[in-house]
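Try each task with the coordinates open before reading the solution.

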Amino acid sequence: MADIQGSYDDLFTAVPTALATLLDDGDAGGSVAVFVDGEPVVDVWGGFADVARTVPWQRDTLVNVYSVTKTMTALCALVLADRGALDLDAPVARYWPEFAAAGKEAVLVRHLLSHTAGLPDWFGSIAEIYDWPAATARLAAQAPQWEPGSAAGYHSLTQGFLVGEVVRRITGRMPGDFFADEIAVPLDADFHIGLAAEHDDRVAPTIPPPSRDEDYTAAAAAGDPAADAPGAADPAGAPAPTPTAFRVRDGNSVAWRRAQIPAAGGFGNARSVALVQSAMACGGAMRGVRLLSRAGRDRAWEEQFSGEDRRLGMPISWGLGYGRFGGTYGWGGWGGSTVMIEPEARMVVAYVTQQMREPAQDTRGLDLLMAAYDGLQGLRTGG
């Protein structure tokens with residue numbers, strides 16, 4: 001069995017065992033953390049940080065967690081809303097006047113957080129992703145593809161720029177800077193939206209699924225749902241252009257790491273993800289740091305949409321920046337990284353990996369969550 005490093009409560013032995021099984025099955029590396037009542041009951045890692053499997057995964061190895069980053073960006077908006085600086089029911093244009101162009105006057109802030117704004121697709125170049133003014137200007141000029149609030153379509157890349165620009169307009173700080181100042185640093189969480197060069201040697205680059213190379217795209221992973229979904233058309237009736245798909249090699253680039261990409265460019269490990277999101281599991285506060293009130297925390301779980309998501313091609317219930325799965329909330333990233341929050345049990349389960357699998361065969365996050373529930377049951381019954 002693969003060698004697993006770190007520490008864990010004996011009641012949660014199933015979690016490191018499950019991680020070892022994933023490594024034995026061919027994954028390069030990964031880390032898992034389970035926090036209960038704000039304290040780690042599992043903090044383990046194993047495998048290798050490089051594709052050649054020569055560099056051992058370390059305690060502080062960082063991974064691009066892709067869309068798990070959305071939960072961090074959503075938390076920034078929820079903090080501002082709880083402070084009274086952001087009205088979730090206000091038009092986006094109240095904070096970002098240029099956004100009112102092309103029929104978006106009625107788009108509300110809550111529509112951005114719940115993937116119902118009608119701007120799910122990125123039509124710009126890859127280079128524009130790294131240029132904040134260019135990216136946000138493009139989205140401000142774009143027309144919605146449906147009546148805002150009437151349907152959901154996963155805003156895989158665009159959500160971060162949309163929510164992030166609202167954060168920037170209110171605070172005068174880029175979203176990654178706001179996250180660092182107001183959340184990561186107070187909690188001592190090793191999570192970064194925009195990664196400084198000093199951390200490059202800790203990054204485990206994303207490894208495509210077996211038989212794929214670094215040209216593997218997010219669109220390919222999703223079966224390219226955007227290609228078949230209803231899109232915008234110009235006045236002459238021409239179909240919308242094909243959305244731009246980013247590749248593994250883009251996510252592994254220095255330009256990607258340096259840019260602030262608040263929907264898909266966060267770097268962290270399982271410990272840091274679980275640490276930050278434990279504030280949501282524990283009523284808005286973590287280790288003496290109150291990020292938001294309990295009411296502000298509860299607002300995140302309020303259902304904003306339930307039904308077929310036009311981009312994911314499956315039924316989904318969206319809260320404010322989090323997917324809703326019964327009484328559990330969270331989200332996963334391209335390639336397998338996952339965070340799930342169980343507020344009733346005050347538990348967070350986080351898994352990060354650089355090893356992609358084909359999405360149809362990838363149940364790793366769920367398997368680890370179920371292993372954590374085994375331990376939680378032991379806690380409830382006294383072992």
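## Exercise 1: a strand and its neighbours

β2 and strand β3 (residues 39-47) pair in the antiparallel sense over eight bridges. The model is predicted, so local features need pLDDT of at least 70 and side-chain atom pairs count only at pLDDT 80 or more, while totals for chains, interfaces and linings use all residues. Residues are numbered from 1 along each chain as its sequence is written, and side-chain values use heavy atoms, with hydrogens and water left out.

Task: describe the pairing and the burial of strand β2 (residues 29-36).

Solution. 

1. Strands (E, at least two residues) and helices (H or I, at least four) are DSSP runs numbered from the N terminus. Two strands pair if DSSP finds at least two bridges between them.
2. Take the β3 side. G30 has G46 as its bridge partner in β3. Two residues separate β2 and β3 in a hairpin, and D37 in the turn has a positive phi of about 55°.
3. Take the other partner. Strand β14 (residues 347-352) pairs with β2 in the antiparallel sense over six bridges, and V32 stands opposite Y351 there.
4. Sort the side chains. In a regular strand, side chains alternate between the two faces of the sheet. From β2, G29, S31, A33 and F35 point one way, and G30, V32, V34 and V36 point the other way.
5. Check burial (buried is under 20% relative accessible area, exposed over 50%, partly exposed in between; 1.4 Å probe, protein chains only). Eight of the eight residues of β2 are buried.

## Exercise 2: rings around W256

Task: which rings pair with W256, among them that of Y66, and how are they oriented?

Solution. 

1. Apply the criterion: rings of Phe, Tyr and Trp (its six-membered ring) pair if their centres lie within 6.5 Å, and planes under 30 degrees apart count as stacked, over 60 as edge-to-face and the rest as tilted. The structure holds 16 aromatic pairs.
2. Y66 and W256 are tilted, at 6.4 Å centre to centre with 55° between the planes. Y66 lies in the loop between β4 (63-64) and α2 (69-82) and W256 in helix α11 (residues 254-258), so the pair ties together parts 190 residues apart in sequence.
3. F246 and W256 are also tilted, at 5.1 Å and 45°. Both F246 and W256 are buried.
4. Ring pairs link Y66, Y130, Y216, F246, W256 and W334 into a cluster.
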